[in-house]
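Dear colleague,

Please find below the structure that I am handing over to you, followed by an account of what was found in it. I would be grateful if you read the two side by side.

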Amino acid sequence: MENPQLTVTDAAVVALHTGAVRRQRWGGKAFDTAADKEARTDRVFLSATGFIGDEQGDIPVHGGPEKAVCCYPHENYDAWRREGRDLGPGAFSENLTLRGATEDQVHLGDVYRVGTAVVQVTQPRTPCATVSRRWQDAQLPRDMEDTGRTGFYLRVLREGHVAAGDMFEFTSRPSDAVSVSDVVRIMNAGMADPDAYRALTRAPEFPQRWRRQILRRLGEDTLL
């Protein structure tokens with residue numbers, strides 16, 4: 001597991017994006033999506049289910065209180081650029097592009113103040129086909145998981161207003177919390193590392209749906 005003392009100490013919102021569901025034609029196919037979000041320069045209200053003015057094209061997959069805000073580290077863009085993918089903020093359809101809050105620093109259950117809102121990390125973002133469709137890059141979702149550059153989701157503990165430039169201020173972390181990057185790494189390894197895989201089910205704030213999935217694969221359904 002990552003060093004539990006590795007915390008976010010000086011993070012900020014580089015950009016804030018929202019988007020409405022619109023018909024897009026990517027890869028020769030038309031579908032409705034809100035993945036193409038626009039940067040906002042105003043202060044936006046963050047409700048329990050997300051930013052006002054933001055929508056999701058596939059609510060069962062992307063929406064709801066446990067995935068109210070999608071975040072992506074600004075540092076990841078530099079890494080993608082060095083590897084030949086020159087993508088800009090908002091390329092991964094995130095609501096908040098954050099500087100100083102990378103997946104190895106951020107842990108499930110971490111609580112942050114941003115603007116006048118209070119938020120909590122819930123889970124890594126699971127890359128989907130929309131990312132590859134948008135950029136005509138079928139390998140991109142797989143590479144996001146392999147590199148651990150997935151981003152992560154937040155739930156809203158206290159509604160408030162948020163704007164680009166606001167600090168993303170760390171306030172607390174559960175005991176024995178696991179980092180976003182560790183969750184991605186262990187989930188990808190799966191049955192290749194059954195002890196670590198099983199240990200995830202005991203991690204604070206680990207999603208219950210994923211816990212059930214792991215125990216089922218381990219044949220430990222009686223623990224559900």
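In what sense do strand β9 and β13 pair, and over how many bridges? Strand β9, residues 111-114, runs antiparallel to β13, and four bridges join the two. Within this pairing, Tyr-112 is found opposite Phe-170 of β13. Strand β13, residues 167-172, also pairs with strand β1, residues 11-18, again in the antiparallel sense but over two bridges. There, Ala-12 has Met-167 of β13 as its bridge partner. Please bear in mind throughout that this is a predicted model.

Overall form

The protein contains seven helices and 13 strands. Its radius of gyration is 17 Å, close to the 17 Å that the globule rule gives for 224 residues, and it is therefore as compact as a globular protein of that length. The C-alpha trace spans about 45 × 40 × 35 Å along its principal axes. Of the 224 residues, 52% are buried. The accessible surface amounts to about 10,400 Å², and carbon and sulfur atoms account for 48% of that area. Where contacts link residues at least 6 apart in sequence, 72% of them join residues at least 24 apart.

A three-stranded sheet

Strands β6, β5 and β12 form an open sheet in the order β6-β5-β12, with antiparallel pairing. The edges are taken by β6 (50-51) and β12 (160-162), each with a single partner strand, so one side of each has no neighbour in the sheet. Strand β5, residues 44-47, is joined to β12 by three bridges in the antiparallel sense. In this pairing Val-44 stands opposite Val-162 of β12.

Salt bridges

The model holds 19 salt bridges. One of them links Asp-36 and Arg-134, whose closest N and O atoms are 3.3 Å apart. Asp-36 belongs to the loop between β3 (29-33) and β4 (38-40), whereas Arg-134 belongs to helix α3 (residues 129-135), so this pair ties together parts that are 98 residues apart in sequence. Asp-36 is partly exposed, at a relative accessible area of 29%, while Arg-134 is buried, at 15%.

Another salt bridge brings together the side chains of Glu-83 and Arg-149, at 2.7 Å from N to O. Glu-83 is in the loop between α2 (74-82) and β8 (96-99), and Arg-149 is in the loop between α4 (140-147) and β11 (152-158); the pair therefore ties together parts that are 66 residues apart in sequence. Arg-149 is buried, with a relative accessible area of 13%.

A further example lies within one helix. Arg-142 and Glu-145 form a salt bridge, with their closest N and O atoms 3.1 Å apart. Both residues lie in helix α4, three residues apart, which is about one turn of the helix. Arg-142 is partly exposed, at 37% relative accessibility.

Helix α7

Which residues of helix α7 are buried? In this helix, residues 208-217, they are Trp-210, Ile-214 and Leu-215. Viewed down the axis of α7, its buried residues fall within an arc of 135 degrees, so they line one face of the helix. These buried residues pack against β10 (117-124), α5 (180-189) and α6 (194-200). Gly-219 follows α7 and has a positive phi, near 75 degrees.

A buried lysine

Lys-67 is located in the loop between α1 (59-62) and β7 (69-73). The C-alpha atom of Lys-67 is separated by 14 Å from that of Val-180, a residue 113 positions away along the chain.

With kind regards

Key
Residues are numbered from 1 along each chain as its sequence is written. This is a predicted model: local features need pLDDT of at least 70, side-chain atom pairs count only at pLDDT 80 or more; totals for chains, interfaces and linings use all residues. Side-chain values use heavy atoms; hydrogens and water are left out. Two strands pair if DSSP finds at least two bridges between them. A salt bridge is a side-chain nitrogen of Lys or Arg within 4 Å of a carboxyl oxygen of Asp or Glu. Buried means under 20% relative accessible area, exposed over 50%, partly exposed in between (1.4 Å probe, protein chains only). The arc is that of the directions from the helix axis to the C-beta atoms. Contact means heavy atoms within 4.5 Å. The radius of gyration is taken over C-alpha atoms; the globule rule is 2.2 Å times the number of residues to the power 0.38. Accessible areas come from the Shrake-Rupley method with a 1.4 Å probe; for residues, only the protein chains shown count as cover.
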